[in-house]
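Welcome! Take a look at the structure below, and then we will walk through a few of its sites together.

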Amino acid sequence: MDNRSDNVVDLESVLDEAGLKNAQVREYVAHWAALTGAARVEVVDAADDARLVQEALDAGELLPVGEGCYYSRSYHLDTARSEERTIVATGNPEDKGTYNNWRPSSEMKPLLEGLMRGASAGKTMYVVPYLMAPPGSPLERYAAGVELTDCRTVALHMIRMARVGVHHINDLQDPGSFVRAVHVTGDLENLGQGTPEDQRYFVTVADERTILHYGSSYGGNALLGKIAHGLRQAAYDGWRSGEFLAEQFMLLGIVDNETGERYHVAGGFPSASGKTNLAMTLAPESLGDRYRVEFYGDDITWLWVDPADGRLYGMNPEFGVFGVAKDTNEITNPTALHSVQDGSGAIFTNVAYNELTHEVWWEGRTPQPPADPAGWLDWKGLPIAEREPGDESPWAHPNSRFTTTLANVPNVAEDFEDPRGVRIDAIIFGGRTRDREPLIRAITDLPEGVYDGLTLGAEATFAADGVDGQLRYDPMSMRPFMSYPEAKYAAHWLDVIRRASDQPVFAHVNWFQRDPEDGHFLWPGYRENLRALLWLVWLKAGKVTGVPSAVGVLPQAEELHLDDLDLPQADLERILTVDIDRWCQEMGFREEHLRQFDGLPEEIWEAHRRVARDLGC
Ligand code: GTP
Ligand code: SPV
Ligand code: MN
């Protein structure tokens, strides 16, 4: 088929006017404009934000929130990532892993082209050139991309989540080295979401650095710089080049105001398990004069060792936050609220909206929903005042979110855009686990740390369709974003981190252990979590010793400085001990889990057997 469109003359002048000079990008735009049948092409720059916002308000795609914030509602069957519909495709069957849903690219590319052909007819195709890195980063050559999207609110989200403008792709050293990220929304009302006739496909053709997503306008399904490029594609690139790791990790700094010491902690918790909250956290009241937490990132960290100094570095490739709204309030996360205040330009998605007062609300924002239902619409747009008596369904979708730029976060680190990244002292793993996992256990051995990440097990959350509450393994919190086989992933981890002259300390944390009788959380969580992280960096610095156990070093209660916390002694004891019987049962499940990964490095198996032996199972 001839992919030159009839309006190619127009297109050339549109691209000229936008200053888009990269010939390979121009060719790519022309190809997809013709294939999708878009009526118009528009090149987006971050500076276009105000105009695009106004257009979206005029079209009713956005609604105003307070002064200078916005509301968007997504189609009611399009409110989370769809893991079953997400595929990694390559030309090499050896790239098939356990969780990456591998398919041959020879099958997926024609399928997606077929779905996308003519599917943007009558619409504008926005060309969004972006960079997933601070400019000047040593990993910059893996960071450039161009998202093509037929959805204006996706372009507006991209402006908040990534660095956007043609200058990011005009002068690439290798002009072809941008990720080709094509997003076509499709006819959302006729895609059979969640049925056997589901039409949606979210495909990363990793060995061609091409992303083809069809059938959604929500979050990670549609903002392609974020998890499709920032995690799946980048993880594949990091492995193939041998240079780096791309992980679903938050990244924070801890500063000791008295001594000036600084520590950096990166860590993976599965989706909707507390990364954003932790990275934005304020020090607990009683420690606030002494320590502060600096925010670097809430969802993605790229990690590498600089050959010049042999140190492990980390950086957040994103420009913004796409955070979970539920339970965000003045107590749990005042920083997040500050980052979405009037004038921040934040976009709220699928929370409850008041069309009279232009306020937003979500479960946990205040203990009770607003008393006067006048004007309130739930996340589906249905008036609260017209609900049947006794209808207790949530006002906001449990995966409703806010989108805001990093610079809006009040505790953002001064050097958050430093292209050199920051030195990493500790790597933590955690998730929602109602029993077994103590508050924190530190691991000083690399293979055992990697083993711990691979066996991260947690309760599933609403961030993906239809799986809330089930316990499942989520290696390094990357299960939904894994792009190559897990055994190779483990080997690559060992290889990259081993290069570091100063090895990071690993730890497993759990803020979610519950009382088996009444189900209350044994640990207060949120701001208090800093106490566990402080203990960890003190352990690395030799300031505390902890007590050894079969599954790592545990804190002694007094090392956590809990005097001002009103914590029942029984709860404290439970979160600082290892339940041997439960752990031995767990070791059997782990064995089964790891057996899925053909060719796992022997060091990982050795770590597994060592832990089992030390437990006495
Ligand atoms: P993604 O953006 O989906 O990758 O999620 P995330 O890991 O950044 O999750 P986030 O920090 O947004 O937390 C999600 C949910 O966990 C929210 O409802 C929080 O209120 C809750 N949460 C976070 N930290 C804690 C904690 O320490 N204790 C308890 N009990 N809940 C927490
Ligand atoms: C997640 O689900 O882990 C997210 C949100 O961070 S999304 O961008 O939709 O993937
Ligand atoms: Mn995430």
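A backbone N or O atom of G220 lies 2.9 Å from an oxygen atom of ligand 2, a polar contact (a pair of N or O atoms within 3.5 Å). This is a predicted model, where local features need pLDDT of at least 70 and side-chain atom pairs count only at pLDDT 80 or more, while totals for chains, interfaces and linings use all residues. Residues are numbered from 1 along each chain, chains are lettered from A and ligands numbered from 1 as written, and side-chain values use heavy atoms, without hydrogens and water.

**Around ligand 2**
- Ligand 2 has 12 residues around it (a heavy atom within 4 Å), and R81, G220, Q248, S271 and D299 come nearest.
- Polar side-chain atoms also reach oxygen atoms of ligand 2: one of S271 at 2.5 Å and one of D299 at 3.0 Å.

- Q248 sits in the loop between β12 (244-247) and β13 (250-256) and D299 in the loop between β15 (291-297) and β16 (301-306), so the pair ties together parts 51 residues apart in sequence.
- Q248 and D299 are both buried, meaning under 20% relative accessible area with a 1.4 Å probe, protein chains only.

**The second largest pocket**
- E61, R73, C151, T153 and S217 lie nearest the centre of this pocket, which is lined by 29 residues.
- α5 gives the largest share of its lining, 4 residues.

Methods: Helix = DSSP H or I, 4+ residues; strand = E, 2+ residues; numbered from the N terminus. Buried < 20%, exposed > 50% of the residue type's maximum accessible area, 1.4 Å probe, protein only. 1 Å grid on protein atoms, 1.4 Å probe; cavity = no way out; pocket = protein on both sides within 12 Å on 5 of 7 lines; lining within 4 Å. Polar contact = N/O pair within 3.5 Å; in protein donor to acceptor, adjacent residues only side chain to side chain.
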